[in-house]
Amino acid sequence: MRTPEENFESLGLVLPPPPKPLGVYKPCLIVGNHLYLSGHGTWKEDGSLIMGRIGEDLSIDAGKIAARQVGLAMLSTIKAHLGSLNKVKRVIKVFGMVNCTAGFERHPYVINGCSELFASIWGDDYGIGVRSAVGMGSLPDNIPVEIEAMFEIEG
């Protein structure tokens, strides 16, 4: 059985730099054996953001790719604070927000970009938690997706 770090390595993906807070909050907080991640945006490897509204500026598939990029930013924060993805036991909850047009209805499909990434890292049993996926009229800096999450970590 491969470790989460080995699973990530096999995907050939690159993490963006861990995002710095754009307000008065912590990017992550450990309470007991839980790691809470604040809302993360669509940070790319070069430190820029994917921007646009789904259904207006971006397609649904571009939104799903943006959600995967948010997941990568979250993994970057985890590694920066814990040192290794192997210290995460399981995904508990993902809350995904989609910046979309009023008639857009496929929020879960978009957030699958992040959920599928987490499942590929920790497996179906530990990488898939409970989840919400909702639409928003806008998000900071006109990013298409923002996601926050909670994880169980090694105690």
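Student: Which residue forms a salt bridge with Arg 53?
Tutor: In this predicted model, Arg 53 pairs with Glu 56 in a salt bridge, and the closest N and O atoms are 3.9 Å apart.

Student: Is Glu 56 buried or exposed?
Tutor: Glu 56 counts as exposed, because its relative accessibility is 54% and the cut-off for exposed is over 50%.

Student: How many salt bridges does the count come to?
Tutor: The count comes to 4 salt bridges. Another one of them joins Glu 152 and Lys 89, with the closest N and O atoms 3.4 Å apart.

Student: Where do Glu 152 and Lys 89 lie?
Tutor: Glu 152 is in strand 5 and Lys 89 is in strand 3 (residues 88–99), so this pair ties together parts that are 63 residues apart in sequence. Lys 89 itself is partly exposed, with a relative accessible area of 36%.

Student: And which side chain meets Lys 79 in a salt bridge?
Tutor: That is Glu 5, and the N to O distance is 2.9 Å. The pair links distant parts of the chain: Lys 79 belongs to helix 2 (residues 60–82) and Glu 5 to helix 1 (residues 4–11), 74 residues apart.

Student: How do Lys 79 and Glu 5 compare for burial, partly exposed or buried?
Tutor: Lys 79 is partly exposed, with a relative accessible area of 27%. Glu 5 is buried, at 18%, because the cut-off for buried is under 20%.

Student: OK, what about Glu 146, where does that lie?
Tutor: Glu 146 lies in strand 5. Glu 146 is buried yet has no salt bridge.

Student: How far away is the nearest side chain of opposite charge to Glu 146?
Tutor: That side chain is Arg 53, and it is 13 Å away. A salt bridge needs the nitrogen and the carboxyl oxygen within 4 Å.

Student: So what does Glu 146 touch?
Tutor: Leaving out residues up to four places away in sequence, Glu 146 touches Gly 39, His 40, Phe 95, Gly 96, Met 97, Leu 139 and Pro 140.

Student: Changing topic to rings: how many aromatic pairs are there?
Tutor: The count is 3 aromatic pairs. In one of them, the rings of Phe 118 and Trp 122 have centres 5.7 Å apart and planes at 70°, so the pair is edge-to-face.

Student: Where in the chain are Phe 118 and Trp 122?
Tutor: Both are in helix 3 (residues 107–127), 4 residues apart, which is about one turn of the helix. Phe 118 and Trp 122 are both buried as well.

Student: What does Trp 122 do with Phe 151?
Tutor: Trp 122 and Phe 151 form a tilted aromatic pair, 5.8 Å centre to centre with 50° between the planes. Trp 122 is in helix 3 and Phe 151 is in strand 5 (residues 145–153), so the pair ties together parts that are 29 residues apart in sequence. Both of these residues are buried, and ring pairs link Phe 118, Trp 122 and Phe 151 into a cluster.

Student: What sits over the ring of Tyr 109?
Tutor: The charged end of Arg 106 sits over that ring, 4.7 Å from its centre. Lys 64 also lies over the face of Tyr 109, at 4.8 Å from the ring centre.

Student: Where are Asp 141 and Asn 142?
Tutor: Asp 141 is in the loop between strand 4 (130–136) and strand 5, and Asn 142 is in the loop between strand 4 and strand 5. Asp 141 counts as partly exposed at 47% relative accessibility, and Asn 142 counts as partly exposed at 34%.

Student: Zooming out, how many helices and strands are there?
Tutor: The protein chain has 3 helices and 5 strands, and read along the sequence they follow the pattern α-β-β-α-β-α-β-β.

Student: And what is the radius of gyration?
Tutor: The protein chain has 15 Å, which agrees with a compact globule of 155 residues, for which the radius of gyration would be near 15 Å. The C-alpha trace spans about 45 × 35 × 30 Å along its principal axes.

Terms used:
Residues numbered from 1 in each chain as written. Predicted model: local features only at pLDDT ≥ 70, side-chain atom pairs only at ≥ 80, totals over all residues. Heavy atoms only, no water. Phe/Tyr/Trp six-rings, centres within 6.5 Å; stacked < 30°, edge-to-face > 60°. Helix = DSSP H or I, 4+ residues; strand = E, 2+ residues; numbered from the N terminus. Buried < 20%, exposed > 50% of the residue type's maximum accessible area, 1.4 Å probe, protein only. Lys NZ or Arg CZ within 6 Å of the ring centre and 35° of its normal. Lys, Arg positive; Asp, Glu negative; His and termini not counted. Contact = heavy atoms within 4.5 Å. Rg over C-alpha atoms; globule rule 2.2 N^0.38 Å.
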